[in-house]
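Work through the exercises below with the model open. Try each task before reading its solution.

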Amino acid sequence: MRVEAWLLRLGLAGLAAIQVLQGNTSGALVAAEGLVVSVLPRLLERLSKTPVPRSIEALFVVGMGLQFTSESLKLFELFTYWDKIVHPTLVALTVWLSAWLLLGYRDAFGKRLPIHLVAAFALLLGMTVGAAWEYVEFLSDWFGDANLQKSNADTMTDLIANDIGAFIAVLLALRLYPTWLSRAQRVDAGRVAQWLAHGPSHLLEQHGGLAGAVLLTVFIATAGTARAIDQGAPEVAAAQQPARSLTWRGMSDPAQVLAGDWLEDERGTCRDNPEHPKPGGEKPGLLQVAPVNVYGGDQAFTFESRVFEERPPRSEGTQMDGGLAFGIRDKDDFYLLEQDALHDVLRLDHFIHGRRRDVREELVRTHGNEWHTLRLRVSGSHVEAGIDGQPAFAVDGVSDTSGGIGLWAPVVAATCFQDTRVQVD
Amino acid sequence: MRVIEAGLTLVVVQLAGLLLLAYRDRRSVYLPDQLAALMTMLMGFAFAMLWELVAFILDWVASTDLQPSNMDTMLNLLACDVAAVLGAVLATSVYCRALSTKRQMRLGALAVWLSDGPSRMLDEHGFAITLTCALLVTVAVAELWFAGRPVPGFPIG
């Protein structure tokens with residue numbers, strides 16, 4: 001009886017039950033999925049007719065428990081750097097297990113495989129798993145607007161954290177292999193490794209060309225679909241008036257809510273969050289200012305506003321975000337200069353059919369509960385962005401910049417805007 | 001820039017693949033062709049990632065402009081990874097089908113010579129090397145953390 005693994009599974013089952021009692025069915029489902037996945041070593045043992053070493057099973061269940069518990073309890077959204085702990089841990093466990101399986105294979109079948117080569121292979125595998133994770137997030141964002149990659153810095157620091165996890169795991173795996181696994185367990189690990197590798201190895205030997213062709217086809221189809229879904233951006237609405245300079249004082253001036261709840265309070269015009277969705281489930285709000293006017297095209301304009309991003313209570317999430325939209329065609333198609341106080345980034349995005357495509361970003365450190373002035377200047381396809389009177393970046397070749405202008409914010413607490421102005425040249 | 005990165009990855013991966021296979025044969029290491037090809041691909045993926053990590057650190061610490069956006073970074077990585085796969089397949093095919101045994105042996109001698117130094121160093125000073133790596137990583141992470149933030153006792157910038 002492997003008490004530690006079954007205790008962890010029991011924990012996942014208990015979490016699922018608690019989530020059901022609290023009416024959180026999606027959280028319960030995630031915990032139940034974790035429970036199912038955590039039983040895989042038992043299945044592997046049954047299918048391969050080889051005992052899976054106890055410590056290997058424990059490491060696997062720990063990894064799955066950590067991931068699915070975090071997902072179920074929304075810990076990634078509640079704690080800013082939680083993913084920087086969980087993902088490197090999972091990469092580290094992958095490295096650890098692969099190093100042990102490879103060493104076990106070497107020992108079980110008497111293969112000549114230097115330990116340096118095993119270490120290098122496991123380290124490279126871990127680094128690749130970390131990068132593959134980022135690809136999955138990138139594709140989820142591209143096709144499903146999942147908002148998993150918060151910024152370039154988020155992606156790169158994820159990679160750094162994963163690589164550090166892989167490096168530490170290699171050292172630990174090599175160090176603990178002779179002490180944590182008995183001779184019989186090492187042989188078992190080797191047999192499990194052989195059973196796992198046999199299928200793919202046989203497939204590659206028999207149908208290597210076909211497997212390559214299938215992979216290439218999937219790759220080309222994915223790339224083609226990724227381009228195709230961005231086609232057909234809507235045109236600027238007809239019969240709109242030309243641009244004019246204005247100072248927008250609030251909801252009493254002409255405005256059109258395209259998405260979300262907006263209200264006036266002592267802080268200005270605020271994107272409010274009356275529904276209090278679960279962390280990670282916040283929807284963006286878009287308020288079009290001067291909705292009858294079209295800005296951009298041949299006429300350059302400058303658009304600025306003061307922005308306040310309220311820091312939310314710890315239990316509700318961490319998001320603090322707000323920005324200026326331009327080139328608005330509808331609620332799903334526009335450009336956005338976005339300041340994210342959580343991820344310290346000032347970014348130009350292009351939303352196409354509701355999916356974000358980042359154009360340019362810069363590290364800008366801000367905090368919640370502070371006022372900052374965002375400013376952008378659009379001159380044809382040239383866009384300049386700045387914050388608090390300091391230029392941040394300029395981008396050329398930005399297409400389809402003409403359209404409406406507005407205020408944007410997806411919030412946990414509130415994001416407020418004051419002193420909104422647009423100046424047409 | 002993306003084309004240069006991918007091209008360089010292709011060249012590096014091909015060289016690494018040829019040397020790995022030659023090392024295997026010279027040292028009679030157990031490494032089937034498929035595993036060698038896979039390891040060569042992994043080397044290419046790691047090379048591409050390290051390139052992007054260096055670019056990222058330079059952007060933050062030295063205010064260069066090498067990574068304009070996340071999409072650009074991901075597409076660079078993708079281009080390099082495709083090059084790594086191509087390079088690994090090419091290297092394995094060339095080594096197994098086009099190189100004579102004599103050339104394989106000569107390449108193997110070079111691979112052994114190249115790996116002997118680092119291997120001996122790891123054997124003799126593994127702990128010191130690990131500490132140095134850990135120190136480098138710590139310094140890089142600290143640099144990133146404090147970029148644009150006040151460091152106690154120092155002005156920003």
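**Exercise 1. Find what share of chain A is buried.**

Solution. This is a predicted model. Take the 425 residues of chain A and apply the cut-off for buried, under 20% relative accessible area. Buried residues come to 50% of the 425. Next, take the surface: chain A exposes about 19400 Å². Carbon and sulfur atoms supply 60% of that area.

**Exercise 2. Describe the overall build of chain A.**

Solution. Start with secondary structure: chain A holds 9 helices and 17 strands. Then take the extent of the C-alpha trace, about 80 × 50 × 35 Å along the principal axes. Now turn to contacts with a separation of 6 or more: residues 24 or more positions apart account for 70% of them. Finish with charge. Chain A has 37 positive and 50 negative charges, and their mean positions lie 11 Å apart.

**Exercise 3. Compare the span of helix α6(A) with its expected value, then follow the chain past its end.**

Solution. Helix α6 of chain A covers residues 83-109, 27 residues. Check its cover: 21 of the 27 residues are buried. Just after α6(A), Gly110(A) takes a positive phi of about 60°.

**Exercise 4. Where in chain A is confidence lowest, and where is it highest?**

Solution. First the average: chain A has a mean pLDDT of 92, and 100% of the residues score at least 70. The lowest confidence is in strand β1(A), residues 241-242, with a mean of 84. The highest is in strand β14(A), residues 382-387, at 97.

Key: Residues numbered from 1 in each chain as written. Chains lettered and ligands numbered in written order. Predicted model: local features only at pLDDT ≥ 70, side-chain atom pairs only at ≥ 80, totals over all residues. Heavy atoms only, no water. Helix = DSSP H or I, 4+ residues; strand = E, 2+ residues; numbered from the N terminus. Expected span 1.5 Å × (residues − 1). Buried < 20%, exposed > 50% of the residue type's maximum accessible area, 1.4 Å probe, protein only. Contact = heavy atoms within 4.5 Å. Areas by Shrake-Rupley, 256 points an atom, 1.4 Å probe, with all protein chains shown as cover. Lys, Arg positive; Asp, Glu negative; His and termini not counted. Charge placed at Lys NZ, Arg CZ, Asp CG, Glu CD. pLDDT = per-residue confidence, 0-100.
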